[in-house]
Each structure stands twice: as C-alpha cells, then as structure tokens.
Amino acid sequence: MQLFGQKIFKPDNTESTNRLAMHLIEQENADNGLAIITDHQTAGIGYGSNLWESEPNKNLTVSYIYKPFQVPATAQFFLNKAVSLSLYDLISDLCPNQVVKIKWPNDVYVGEKKIAGILINNIISGHYISYSILGIGLNINQEKFGSRIPNPTSLKILNGIEYKVDEIFNSLCIALNKRFNSFIMNDYEKIDSDYLYNLFRMKESNYFLINDEKVEARIIDVDEYGRLILENDGINKVFAFKEVEYVI
Ligand code: BTN
C-alpha cells in the first residue's frame with residue numbers, strides 16, 4: 001500500500017507544517033496520506049514547549065496527515081512507534097556503520113547525538129483517533145546549530161556528503177509505507193519488539209532526571225500507553241512523558 005506521499009502540498013514557507021496540517025483538517029481539506037513539506041519552516045514546533053529550528057533549504061520538515069481506521073485513542077503510542085521505526089529504518093540505511101537508536105519518547109539518535117525529532121498531534125472523536133498529524137524534522141545538510149539545541153547532528157556532519165532533501169523525503173515515504181503496513185495489518189507484535197530492540201540505552205544502567213533528581217535506573221519496557229518502565233534496585237516504576245528525562 002502506498003499511502004504516504006502520494007499527494008504532496010509544498011508551500012515555499014510556512015510557520016509550522018503541523019499547524020498547516022491542522023488547518024487543512026479543520027477546513028476538511030486533508031486527504032489521507034497527504035505530505036505537507038516546506039523548505040522554510042519559520043516557527044517550527046518541537047516537543048513540549050520547545051521550538052524546532054531548521055535552516056531554510058537544508059533539512060526535512062514534513063507533516064503527514066493520517067486517517068486511521070478504527071484505531072482506539074488508547075493505541076496512540078503505536079503511531080509514535082511506527083513513525084520512530086520508519087525513521088530508524090531510513091537513517092540506518094543512510095548511516096550503515098553507525099549506531100542508530102530510537103530515544104524515547106520522540107527522538108532518533110546516531111551515537112550520542114540527535115538527528116531527528118517527531119511531533120504527533122492526534123485528533124480524537126469519541127474513543128477513536130479521527131486524524132493524526134505525523135510531524136517529522138530530520139537534520140540533513142545543516143552543519144551549525146544554535147547553542148540552545150542539545151547535542152544535534154545531521155547526515156552531512158556524520159557522512160560528509162551533501163544530500164538532496166527531496167530524495168530523502170521520497171525514501172522516508174517508502175519507509176513509512178512499509179512500517180504502517182504492519183500497523184494496518186495489526187502486526188503490533190513486530191512493531192513492539194522492533195521498537196524495544198532499537199531503543200536507546202534499553203536495559204543499560206543510565207542516569208535519569210526524575211523530579212529534578214538524578215536517579216540511576218534501567219529501561220526495561222515501554223507500556224501500551226507509551227509510558228517508560230524503569231527498574232531501580234529491583235523495583236519497577238512507570239513514568240509518563242515529561243515525568244522523566246534521560247541524562248545524556
Ligand atoms: C522534537 O524533537 O522536539 C520534535 C520536533 C518535531 C519537528 C517537526 S518539523 C515538521 C513538523 N512541524 C513542526 O512544527 N514540528 C514538526
């Protein structure tokens with residue numbers, strides 16, 4: 001099934017492709033799989049209260065509109081997992097000799113550095129997801145980043161090659177279509193196991209920031225709601241987004 005990227009809307013610039021996607025949904029002008037991509041995002045939105053900075057014409061800033069069929073609101077995190085794995089597949093292909101990992105809840109890392117971020121906005125009607133906006137920022141040719149951005153990297157920094165952003169976009173659409181086939185076929189087991197297998201510092205002892213305190217613990221699982229399960233001194237604790245942060 002080829003869904004993502006079959007239709008493309010490419011304004012020269014926009015504040016945020018996620019925001020534009022939301023606007024198209026509100027106008028009832030949003031086809032399933034539509035990719036909204038721009039070379040210049042002027043006020044990109046990041047996770048939490050962060051901004052997403054991207055130098056014009058250098059990186060991929062794209063949002064896909066997805067209309068899931070009868071996916072319960074409680075299964076929202078599967079969308080995050082499928083997008084994370086699509087990015088993981090793409091970046092692993094482009095960086096074959098490097099360690100690519102998914103960093104919970106919404107980043108992709110190469111080594112110890114962040115190369116991509118994901119921002120998913122879901123619109124819920126009743127018990128189901130009526131629309132999902134899958135926002136992706138992937139650093140491609142940018143070489144210098146603002147000092148506020150924590151440990152960034154890009155494909156060019158890693159591989160010393162200048163990439164064609166459109167080609168990477170096409171490869172991302174292919175990767176998404178592949179991973180979302182598992183999702184549509186209800187192959188949640190594969191998504192779950194691949195996600196955990198490729199998770200940054202899975203089962204390794206690591207420091208986490210919990211209530212402003214540095215705590216040593218190990219990730220042992222991510223539950224169906226996307227909460228991180230950490231083990232510390234034989235005790236498992238469950239953490240929602242924003243309740244815990246990796247210390248890098
Ligand atoms: C993060 O790591 O903080 C998430 C970043 C998500 C950035 C992308 S770029 C395309 C889309 N439009 C936005 O405004 N944000 C997402």
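## The second largest pocket

The second largest pocket has a volume of about 290 Å³. A pocket here is found on a 1 Å grid over the protein atoms alone, as an open set of points where a 1.4 Å probe fits, with protein on both sides within 12 Å along at least five of seven lines; lining residues have an atom within 4 Å of a point. Grid points are joined across faces, edges and corners, and a volume is the space filled by probe spheres set on the points. This is a predicted model, in which local features need pLDDT of at least 70 and side-chain atom pairs count only at pLDDT 80 or more, while totals for chains, interfaces and linings use all residues. Residues are numbered from 1 along each chain as its sequence is written, and side-chain values use heavy atoms, leaving out hydrogens and water.

Around this second largest pocket there are 15 lining residues, and those nearest its centre are Phe-77, Asn-80, Ile-120, Asn-122 and Phe-241. Helix H2 (76-94) and S10 are the elements giving two or more residues to that lining, and S10 has the largest share, 4 residues. Helices (H or I, at least four residues) and strands (E, at least two) are DSSP runs, numbered from the N terminus. By class, the lining has 9 nonpolar, 5 polar and 1 charged residues. For these classes, Ala, Val, Leu, Ile, Met, Phe, Trp, Tyr, Cys and Pro count as nonpolar, Asp, Glu, Lys and Arg as charged, and the others, Gly among them, as polar.

## The largest pocket

How much space lies in the largest pocket? The answer is about 1,000 Å³. Its lining is made of 44 residues, with Tyr-47, Asn-50, Asp-107, Lys-114 and Pro-150 the closest to its centre. Elements that give two or more residues to this lining include helix H1 (17-26), strand S7 (60-66), strand S10 (113-125) and strand S11 (128-138).

S10 gives the most to the lining of the largest pocket, with 4 residues. The lining divides into 20 nonpolar, 15 polar and 9 charged residues.

## The ligand

Where does the ligand sit? The space it takes is the largest pocket, which by definition needs more than half of its atoms to lie within 2 Å of the pocket's grid points. There are 21 residues around the ligand, and Ser-16, Gln-41, Ile-45, Tyr-47 and Lys-114 come nearest; a residue counts if one of its heavy atoms lies within 4 Å. This shell has 7 nonpolar, 12 polar and 2 charged residues, and S10 supplies its largest share, 4 residues.

Now for the polar contacts, which are pairs of N or O atoms within 3.5 Å. A nitrogen atom of the ligand is 2.9 Å from an N or O atom in the side chain of Gln-41. An oxygen atom of the ligand is 2.6 Å from a polar backbone atom of Tyr-47, and an oxygen atom of the ligand is 2.5 Å from an N or O atom in the side chain of Lys-114. Taken alone the ligand exposes 420 Å², and the protein buries 99% of that; these accessible areas come from the Shrake-Rupley method with a 1.4 Å probe.

## Two backbone details

Most residues other than glycine have a negative phi, and most peptide bonds are trans. A cis peptide bond joins Trp-104 and Pro-105, with omega about 0 degrees. Pro-105 is in the loop between strand S8 (100-103) and S9.

Arg-201 has a positive phi, near 60 degrees. You can find Arg-201 in the loop between helix H5 (188-197) and S12.

Definitions and conventions:
A polar contact is a pair of N or O atoms within 3.5 Å; within protein, one must be able to donate a hydrogen and the other to accept it, and residues adjacent in sequence count only if both atoms are side-chain atoms.
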